[in-house]
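Reader: Could you walk me through reading a structure like this one, feature by feature? I would like the general idea each time, and then the case at hand.

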Amino acid sequence: MDINLVARAQDGDEEAFESLALAIGDRLHAVAHRILRDLDLAEDATQQALLSIWRDLPGLRDPTKFEGWAYRVLVRVCYMEGRRSRAWAPNLHLLPSDDPVQADGAKLVIDRDELERGFRRLSIDHRAVVVLHHYLDMPLDRVAEVLDIPPGTVRSRLHYAMRALRAALDADARPSVREEAVR
Amino acid sequence: MTRQRADVEVMVRAWLEEGVTSMPDRVINGVIDQLPLTRQRRRHRMGIGTLGRLTPVILGAAAVLLAVAIGAALFIPPDVGDEAAPEWHLFPSQATELEAGSYLIGDPFPVRIGLTVPEGWETGGLRSTIAAVGSAGVGLDFTVVEAVYADPCHLEAGLVDPPVGPTVDDLASALAALPGVNASVPTDTVVGTYPAVTLTLNGPRSVGACTVPDGGPKFRIWGAPEWHWLDPNVRDRLWILEIAGTRLVISALEHPDASPQELAAINGVIASIEFEPTRGTIAPDGSPTPTASLPPLPSSGPIAPAEYEFAVRLHRYTEDGTAVPLARPSRGIVEVPVDWSATGTGIQKDGPAGPALSVGTVARVYIDPCRWETSGFGLVDPALMRSMDGLANALSIWERPGAFDEPPLFAPTATEPIDVPRYSQLGRYVELTIPDDVVMADCDRGEYRIWEDLDGRARLARGPGEEIRIWVVDYEPGLLVVDASVLPQTSAADRRELEQLLPTLWVFPLDEPR
C-alpha cells in the first residue's frame, strides 16, 4: 500500500483516496461477499466501509497499518449489515434430483451446500475470523490485531467456527432417516 | 464418517476461493459521488491523534509561565467522600466530541477508570490498549506500554534490548534513562489509593535532525502497543501504576501553546480520576419515577394490559459461598401490553413464538445444556459467579478463550460480555443463541437446561435458534439477571413490541423509595 497516498488522503485529498479505494476495493468487496454471503449486501457493505474509511482516515495514527485498519472497518460494517438484515440469509437446500450425475460431482455440490448452510449459521464475528484467516491467509495474531480482539478470542472463534462447519459436513455424511429405513 | 480437521480446512479454503473477486464500478462510483458530501473527522491533539496537524495557537510568555506553574501541581487523589456521587456516561469507543460530564472508561480497556471532563474536550477513541481525551493543547492518555524505543530521536536503533521488565519500576527507570529526553527522577506517589511512580519527560527543542525509518511520528518514546511521541517542547507528566494485574500508564501531555484554561482543565480532569469506581450511577437510560403503589404482577395466567409491580428476591453470598436471600425483595415495575401471560419468572407474549422477558437470579449454569444431566461437563464453578463480571463470564463460558479443547456439541453461541447501563447501574450484557440444529427431544429429559435460579427453577431453551439477551446488574449485594428472548419464528411486530416493553421494565435498588 502506498503510504504517501494514505497520508495525502488523510489530509483530505479526494484523488488520493480514489486511488486508495481502487487499490483496496476489490479485496474489501471479496471479503464482504464471503462474510455476508450476499452480493447486494456485500456491495452496500463495501461502499459503506469505503466512506467510513474516508471519514475516519485522519484518525489513523500509523499509515503503514492502513490495510489492516480498513479490514477492521469493513468487518464492523458487515456486522451492522448482518444485524440489520437478519432475514436475508435464506437457507440453501440441495434439492433432490432424479438426473444422473457423477458421484464425485454430486458430493462436491453437497459439500458446498452444507458448507454454505453451516457458514450462514455462524455469527458475523465467527465468519470474519474464518474469512480473514482462511481466505486472506492472515496469521491468527494478525487477525486479532485487525479485529482488535485478544488472540485467545480469535483462536476460540476459529475453533468453534471450524467445528461447526465440520459438524455441518458430517451431518451430511450420516445416513438420513429415509436411507436407514430403506436398508 | 467424521472428517479430519485438516480435510475440513482444505474444503473451507477451496470453498472460500469461489465467489466475486472484483468490486463493481457502481460501488466505487457511488463512493466518489459521496466523498464531497462526507466530512472527514479531524482528531484533536493528543497522544492518540495526529499531533502535528492543527494550527498552532500563539501564546504569550505569561501563559507559558503559568503553564509551568500549574504543571508543577502534584497529582491530587480525588477526595470522594464529600462529593456528590457522579452519574457516569460510558466512554465512547469512537473519536467524538464529549459533553461536559463524568465518563466511565471500560471495555475493551482492561481497567475501569472514571473521570470528569469539562466543556470542549474530545476523545480520540477507546481501544483495548488506549483511551484518550483532550483538547487542542492538552491530552490525557490511559495506556499500557510493552516496548520502549532505545533512542527516541533515532528510531532505527529499535527497541530497548533487553526488553523493559514487567514492573512499574522497570518501566519508570527505562523511561528516565532514555537518551535525548530531559526526564525527572522517578518518585513514589499515590494515585487514588494505588501506589504509583511519577516522572516528567520534556520533549526536545527540535526534532528536525531525528530519523525515522517507517514514516511515523518522530521522537517516539514507546512503540508498542501504541505509539507515544513528544513534539518539540511538549511536557509529558507520567504516572505508572499497577491495577488488577495491568501496568497502567497515565500520560498528561501539555503542548507549549496550551492555554491557561486548558492547563487548569487537565489538572481538574486528573484530580477527578477514580479507578474501579464503586460509587455513583450510570446515566439513566429512561429511569422511571417509582410510583406509590401498583397492582401486583400475577404469577400465572393471562395478564390484563396495565402497569404492574413485582418483587425480586436477590441473594448475597457468604464467605463459604452459601447464597443467603436478602431480607427484603427488590421492587420492579413493568408495563404489560395486550395478550401477554405470566410465566412465574416473567412474562411472555401469547402464542408459540411470542417473545419473553424474565427477571431473577442465576445460581447454576450448565456447561452442556443439552446433556445437562448426563454430560461430564457439569456446572460452571459457582465460586466464579459471585461477582457481576464472573456471572456474565459464566453465562458466556462457551466462548471463553481456553475454556474448552472442544466445547459441548450443542453449546449455545455467546458474545463476549460488555459493559452496558441498566437501571442506572453498570451492567454486563451477553447474547446467547441456541443452536438451530439441536433437537430438544433428544436432550436429557427433553430439556435444554441453560441455568437454574437460586430457588431451583430452570431456565430452559424455548426452541432451536432462540436468541437470548441477558443483562447482569450488580445491586450490591445481589446480582440481578434480566433475560429477553425471541425465537426465529417470532414475528417482526412481536419483536418490536418486546423492544417497546423493555424500557418499561425497571428494578429499583433497595435503598430507593418504596
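Predicted model: local features only at pLDDT ≥ 70, side-chain atom pairs only at ≥ 80, totals over all residues.

Reader: Let us begin with the interface. How much area do chain B and chain A bury between them?

Author: In general, the size of an interface is often given as the accessible area lost when the parts come together. Here chain B and chain A bury about 5,800 Å² between them, and 54% of that lies on carbon and sulfur atoms. In terms of residues, 61 of chain B are in contact with 64 of chain A.

Reader: And how many salt bridges and polar contacts lie across the interface of chain B and chain A?

Author: Three salt bridges are found across the interface of chain B and chain A. Polar contacts link 13 residue pairs between the two chains, counting pairs with both residues at pLDDT 80 or more. On the chain B side, the elements that give two or more residues are α1 (5-17) and α2 (25-34) of chain B. The largest share, nine residues, comes from α1(B). By type, this side of chain B divides into 23 nonpolar, 15 polar and 23 charged residues.

Reader: Which residues meet where α3(A) packs on α2(B)?

Author: From α3(A) come A:E43, A:T46, A:Q47, A:L50 and A:L51, which meet B:R26, B:V27, B:G30, B:V31 and B:Q34 of α2(B). The residues of this contact are four nonpolar, four polar and two charged. As for geometry, the axes of α3(A) and α2(B) come within 9 Å and cross at roughly 35°, and the crossing is right-handed.

Reader: Now the salt bridges. Which residue does B:R26 pair with?

Author: Side chains of opposite charge can pair when their charged atoms come close. The side chain of B:R26 forms a salt bridge with that of A:E43, at 2.6 Å from N to O. Both B:R26 and A:E43 also belong to the contact of α3(A) with α2(B). Over all chains, the count comes to 31 salt bridges.

Reader: How are A:E116 and A:R120 placed in helix α5 of chain A?

Author: A:E116 and A:R120 are separated by about one helical turn, because they are four residues apart in helix α5 (residues 103-121) of chain A. They form a salt bridge, with the closest N and O atoms 3.0 Å apart.

Reader: Finally, what should I look for in the backbone?

Author: Most residues other than glycine have a negative phi, and most peptide bonds are trans. In chain B, a cis peptide bond joins B:D161 and B:P162, with omega about 5°. B:P162 sits in the loop between β8 (147-148) and α4 (168-176) of chain B. B:N233 has a positive phi, near 65°, and lies in the loop between β13 (228-229) and β14 (235-243) of chain B.

Technical notes
Residues numbered from 1 in each chain as written. Chains lettered and ligands numbered in written order. Heavy atoms only, no water. Contact = heavy atoms within 4.5 Å. Buried area = accessible area lost by both parts, 1.4 Å probe. Salt bridge = Lys/Arg side-chain N within 4 Å of Asp/Glu carboxyl O. Polar contact = N/O pair within 3.5 Å; in protein donor to acceptor, adjacent residues only side chain to side chain. Nonpolar A, V, L, I, M, F, W, Y, C, P; charged D, E, K, R; others polar. Axes fitted to C-alpha atoms, helices over the stretch in contact; angles between N-to-C directions. Left-handed = near helix turned anticlockwise from the far one by under 90°.
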